[in-house]
Amino acid sequence: MTPTSEKPRIRVPSGRYRVVDSADHLALWREVEKTPTTAVKEANVDGQQITTLDAMYVIEQATKLFGPMGIGWGYRIEDERYDIGAPVLGTKGELIAHEQTHTIRLALWYRWHGEHGEVTQFGHTRAVYRTGTGKWKTDGEAPKKSVTDAIKKCLSLLGFAADVYYGRFDNQDYIQAQQAATRIAVAEDKDAEIERYRQEYADWLKRECGTLRDKIPHPKSIELAADGILSRLPDKASMARVEPDKGQQMIIKARDEGIARVYAAQEKAKQEKAQQLQEETTHD
């Protein structure tokens, strides 16, 4: 058959054909969604523990994909202002001042496979505010921080560091998987490092299968435990650079064997009890 670049078509109810758009709309997203642990850190913001993303990391990734800033991608500030923030009251409840927040609206443009794209987001930074110790502070870097904030938000809409925004770094298994990916990437002997993680994965599977098959005494508990293991398995497999399918089959098989074991033990106990009652009746 002669190769063709013609797009695939499907028959619609009218009997005619229409062109199918076979483009992979998540190609860019999948390429940039995962973040190395070296590009994130924990921070305490207003008493809340959050995961913060290194702006230079996503800027570097954008440059790798689109080209140098100003040529392959860039931004323009469409609006900039200072917004009045929370009121600050004195000891008698009188209004002393207001905090101020610096706000910008930033449009980020980029070129992807010859096409021009653009996304818009807002960036915010506390510019004038009272600290937790009661002192007033004016942040002279507020405009720069607002630009950085808006750039990260714009790139997040394209999928950059999506795992951070999904909250996956709140999951310890995911963190360990990303740490493993980072270690493998910088290891002198990558094959040996991968083999080490594969052995750890195999040992983990063997241990969890053994627990499901032999140690849990109730069917419902076995099912709940298996569900938990299956939810963790993709990250564990990712660390070992293997597909999760075989591991999933092993867990499901161990689950079913564990449940069968419990039911068989219950049936055996039931039969033994019935036999004991029958013997007692015969002796009477």
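Student: Which residues line the second largest pocket?
Tutor: This is a predicted model. In it, the second largest pocket is lined by Lys 34, Thr 35, Pro 36, Gln 178, Ala 181, Thr 182, Ala 185, Ser 238 and Arg 241.

Student: How much space lies in the second largest pocket?
Tutor: About 190 Å³.

Student: And which helix gives the largest share of the lining?
Tutor: Helix α5, residues 172-186, with four residues.

Student: What's the split by class for that lining?
Tutor: Four residues are polar, three are nonpolar and two are charged.

Student: Staying with α5, at what angle does it pack with α6?
Tutor: The angle between α5 and α6 (residues 190-214) is about 155°, and their axes are 8 Å apart. Angles over 145 degrees count as roughly antiparallel, so α5 and α6 are roughly antiparallel to each other.

Student: Is the crossing of α5 and α6 left-handed or right-handed?
Tutor: The crossing of α5 and α6 is right-handed. On the α5 side the contact is made by Ala 180, Arg 183, Ile 184 and Ala 185, and on the α6 side by Lys 190, Glu 193, Ile 194 and Tyr 197. By class, that contact has five nonpolar and three charged residues, with no polar ones. Ala 185 of α5 is in this contact and is also one of the residues lining the second largest pocket.

Student: Next pair. At what angle do α6 and α7 cross?
Tutor: Roughly 175°, with the axes of α6 and α7 (residues 219-240) coming within 10 Å. The two helices are therefore roughly antiparallel to each other.

Student: Which residues of α6 and α7 meet?
Tutor: From α6, they are Ile 194, Tyr 197, Arg 198, Tyr 201, Trp 204, Leu 205, Glu 208 and Leu 212. From α7, they are Ile 222, Ala 225, Ala 226, Ile 229, Arg 232, Leu 233, Lys 236, Ala 237, Met 239 and Ala 240. The contact of α6 with α7 has 14 nonpolar, no polar and four charged residues.

Notes: Residues are numbered from 1 along each chain as its sequence is written. This is a predicted model: local features need pLDDT of at least 70, side-chain atom pairs count only at pLDDT 80 or more; totals for chains, interfaces and linings use all residues. Side-chain values use heavy atoms; hydrogens and water are left out. On a 1 Å grid over the protein atoms alone, a cavity is a set of points where a 1.4 Å probe fits but cannot get out, and a pocket is an open set with protein on both sides within 12 Å along at least five of seven lines; lining residues have an atom within 4 Å of a point. Grid points are joined across faces, edges and corners, and a volume is the space filled by probe spheres set on the points. Ala, Val, Leu, Ile, Met, Phe, Trp, Tyr, Cys and Pro count as nonpolar, Asp, Glu, Lys and Arg as charged, and the others, Gly among them, as polar. Axes are lines fitted to C-alpha atoms, for helices over the stretch in contact, and angles run from 0 to 180 degrees between N-to-C directions. Angles under 35 degrees count as roughly parallel, over 145 as roughly antiparallel, 65 to 115 as roughly perpendicular and the rest as oblique. A crossing is left-handed if the near helix is turned anticlockwise from the far one by less than a right angle, and right-handed if clockwise. Contact means heavy atoms within 4.5 Å.
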